[in-house]
Amino acid sequence: MAFVAERAIVLLMVIAVAAVKVSYGAVYKVGDSAGWTTLGNIDYRKWSAPKNFQIGDTIIFEYNAKFHNVMRVTHAMYKTCNTSSPIATFTTGNDTIKITNFGHHFFFCGVPGHCQAGQKVDINVLKVSAGAPEPSALASPAVSAGSNVPAPSPSNADAPFIALKGQFGIIMGMAMALFALLS
């Protein structure tokens, strides 16, 4: 019986690793229904600000390729709308960019005057998800020396805490439950 349990756990762990590698990110169309344009006075800063971009997300730029393009640039180039040496240039009118690392990803339209008119966007991928509390919120509150705050009970102080998220967490939870049932 132990052999079957071990094989089941190994299988679930393999599936968990595969699920993590194939995880799907969100898909964002820059500018939503308006797309990538200078028409309509779209504020791309306001468009990107509330979004919680993550590694694995896909950013889509849809535009009329006769009138626009997309350039990925450095922060200095982004601030000054300098089109002289972009990191990459996209010209299909339906460009898909997969986010593969943390930090700022700067884009603008390289057609003269478009960046200056506001056709630029900063896709910021944070290392901590936007919904997570700030580190200061996780810190213990200050306690004065004379207060009577009880210490954690011994039964809870040594309890292990395991937080598993997403598909990996579900699969590992199933593996642990299966192990508990079969052992």
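## The largest pocket

A pocket here is an open set of points on a 1 Å grid over the protein atoms alone, where a 1.4 Å probe fits, with protein on both sides within 12 Å along at least five of seven lines; lining residues have an atom within 4 Å of a point. The volume of the largest pocket is about 210 Å³, counted as the space filled by probe spheres set on the points.

Helix 2 (44–48) and strand 7 (120–125) each give at least two residues to this lining. By type, the lining holds six nonpolar, three polar and three charged residues; Ala, Val, Leu, Ile, Met, Phe, Trp, Tyr, Cys and Pro count as nonpolar, Asp, Glu, Lys and Arg as charged, and the others, Gly among them, as polar.

## How to read the model

Local features in this predicted model need pLDDT of at least 70, side-chain atom pairs count only at pLDDT 80 or more, and totals for chains, interfaces and linings use all residues. Residues are numbered from 1 along each chain as its sequence is written, and side-chain values use heavy atoms, with hydrogens and water left out.

## The chain as a whole

The protein chain has six helices and seven strands. Both are DSSP runs numbered from the N terminus: helices are H or I with at least four residues, strands are E with at least two. Starting at the N terminus, the order of elements is α-β-α-β-β-α-β-β-β-β-α-α-α. The chain counts 183 residues, 28% of them buried, meaning under 20% relative accessible area with a 1.4 Å probe and protein chains only; exposed is over 50%, and partly exposed lies in between.

Three strands make an open sheet in the order 1-2-5, with mixed pairing; two strands pair if DSSP finds at least two bridges between them. Its edges are strand 1 (27–29) and strand 5 (94–98), each pairing on one side only. On average, neighbouring strands of this sheet are turned by 20 degrees against each other, direction ignored. These angles, on a scale from 0 to 180 degrees, are taken between axes fitted to C-alpha atoms.

Strand 2 (residues 58–62) pairs with strand 5 in the antiparallel sense over five bridges, and phenylalanine 61 has aspartate 95 as its bridge partner there.

Which side chains meet in a salt bridge? They are those of glutamate 62 and lysine 29, at 3.0 Å from N to O. Glutamate 62 lies in strand 2 and lysine 29 in strand 1, so the pair ties together parts 33 residues apart in sequence. A search of the whole structure finds one salt bridge, defined as a side-chain nitrogen of Lys or Arg within 4 Å of a carboxyl oxygen of Asp or Glu. Glutamate 62 is partly exposed at 33% relative accessible area, and lysine 29 is partly exposed at 26%.

Four strands form an open, antiparallel sheet in the order 4-3-6-7. Strand 4 (88–90) and strand 7 are its edges, each pairing on one side only.

Strand 3 (residues 70–73) joins strand 6 (residues 103–108) over three bridges, with arginine 72 partnered by phenylalanine 107. Six bridges link strand 6 to strand 7, where histidine 105 stands opposite isoleucine 123.
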